[in-house]
Amino acid sequence: MLTPRQELVLGKVVARFRETGMPVGSKLLSADEDVTFGPSTIRSELSQLEELGLLDHPHTSAGRVPTDQGHRYFVDHLLPSTVGGPSVELQLAREVDEAMRVTSETLSAVTDLLAVVTAPPVSTATVRHVEVLLLQPQAVMVVVITSAGEVAKRVVAFPSAVDPGLAGWAKEYLNERLAGIGLGARMLKARLEDPGLGPTELRFLDALRPAFEGLGATDGGPGGGIYVSGAARLMQSSRSSEVAHLDALVEELERRATLLGILRHALGGPDVVVRIGAENAIPALRSLTVVAAGYGPPQRKLGSVSVIGPVRMDYPQAIRAVRDVAFQLSRYVEELYENV
């Protein structure tokens, strides 16, 4: 552990470097009202922090910059243990696709960082309601509404007129048998195969089966349930030396597998995960920082939310924003997916 004086100096260097992106020298630190010791002491502490690997000394400047280890110490030991009120207010639509899009765009706008959100898999949703509508004498529309707010419609044609009473019975039967059943569950198929029914009812349900077989077959949403916002904003706000790293990252983000690899570790942690620079296994991220958290009900993480940006990012703001968004999304999916 560092001494209180060393922690003060390190914290000031990290804060100043975050603001300017330039090396921080002893003269600049001595002008800070919180630093009550003289320039010679400041220089000594800077040298000690450099020897400890927490600061680096660029050969073109007399100032220091934080290393990845320095940022790690700052995140682990110098951030406040508690934060204030919500930093992000989400207005989430009932439809998951729209809710995830709004989340990524809002998070990026608040932090000025690249925001990446993964949506819950469709297979975690359940059947909420089924309608069987007689459109024409020989045509029936089946409407399936899921707990994720999605609506699937299928028109089924019959060779002869359909008994309206049969259509009404099918609606009641399907709601009784399927409500609350997971879209990807084998039970969904089994519920449509009831040996206790008569041949007329069985034939009618078999004709309606295609309306249910496609549910839960895909992850839904653009990019397979991955929502990315803020690439252009981050590029514009970054220094020229950082743009090359960000450009490489954007290329990597086009590969869905890479994105999932970036965020997978967030699903297992109880709180916000911070990976700084070289701590990231993926080459495109080794000059960047990832702040991520999983969200979902307590017993299971259904998705993740993260921001990605320069190592000199505003860590208090990024961590607070990701934690707050993950909390709000957890409440959202708990209300939306009633039987996960």
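**Ground rules**

I am working from a predicted model, in which local features need pLDDT of at least 70 and side-chain atom pairs count only at pLDDT 80 or more, while totals for chains, interfaces and linings use all residues. Residues are numbered from 1 along each chain as its sequence is written, and side-chain values use heavy atoms, with hydrogens and water left out.

**Overview**

I found 13 helices and ten strands in the protein. These are DSSP runs numbered from the N terminus, helices being H or I of at least four residues and strands E of at least two. Of the 340 residues, 46% are buried; buried means under 20% relative accessible area, exposed over 50% and partly exposed in between, with a 1.4 Å probe and protein chains only. I also looked at contacts, meaning heavy atoms within 4.5 Å. Among contacts with a separation of 6 or more, 62% join residues 24 or more positions apart.

**The five-stranded sheet**

I traced an open, antiparallel sheet of five strands in the order S7-S3-S10-S9-S8. Two strands pair if DSSP finds at least two bridges between them. Strand S7 (226–229) and strand S8 (273–276) stand at the edges with a single partner strand each, so one side of each has no neighbour in the sheet. The twist from one strand to the next averages 15°; axes here are lines fitted to C-alpha atoms, for helices over the stretch in contact, and angles run from 0 to 180 degrees between N-to-C directions.

Next I went through the pairs. S8 and S9 are antiparallel over four bridges. S9 and S10 share eight bridges, also antiparallel, and Gly294 stands opposite Ser304 in S10. Strand S3 (residues 114–118) pairs with strand S10 (residues 303–310) over five bridges in the antiparallel sense, where Val116 has Ser306 as its bridge partner.

Is S9 buried or exposed? Eight of its eight residues are buried, so S9 is largely enclosed by the rest of the structure. I noted that Leu288, Val290, Ala292 and Gly294 point one way from S9, and Thr289, Val291, Ala293 and Tyr295 the other way.

**H13 and the cores**

I saw that H13 lies across S3, S8, strand S9 (288–295) and S10, and runs at about 25° to S9.

Then I checked the nonpolar cores, each a set of buried Ala, Val, Leu, Ile, Met, Phe, Trp, Tyr and Cys residues joined through side-chain atoms within 4.5 Å. The largest has 53 residues, and Met100, Val291 and Tyr315 have the most contacts inside it. Helix H13 (residues 315–336) gives the most to this core, with eleven residues. Apart from this core lies another, of 22 residues, including Phe158 and Phe204. In soluble globular proteins, nonpolar side chains tend to be buried together.

What does Met100 contact, leaving aside neighbours within four places in sequence? My list for Met100 is Val117, Thr118, Ala119, Pro120, Tyr227, Tyr295, Leu329 and Tyr332.

**The three-stranded sheet**

I moved on to an open, antiparallel sheet of three strands in the order S4-S5-S6. Strand S4 (127–136) and strand S6 (151–157) are its edge strands, each pairing on one side only. Strand S5 (residues 139–146) and S6 are antiparallel over seven bridges, and Ala139 stands opposite Ala157 in S6.

I stopped at Val143, which lies in strand S5 and is buried, with a relative accessible area of 10%. Not counting residues up to four places away in sequence, Val143 touches His129, Val130, Glu131, Leu133, Val151, Ala152 and Lys153. The C-alpha atoms of Val143 and Arg154 are 6.6 Å apart, though eleven residues separate them along the chain.

**Helix H3**

Last, I looked at helix H3 (residues 39–51).

In H3, I found Ile42, Glu45, Leu46 and Leu49 buried. Seen down the axis, the buried residues of H3 fall within an arc of 105°, so they line one face of the helix; the arc is that of the directions from the helix axis to the C-beta atoms. They pack against helix H1 (4–20), helix H2 (26–30) and strand S1 (55–56).

Glu45 is buried, with a relative accessible area of 7%. Not counting residues up to four places away in sequence, Glu45 touches Arg5, Gln6 and Val9. Just after H3, Gly53 takes a positive phi of about 85°.
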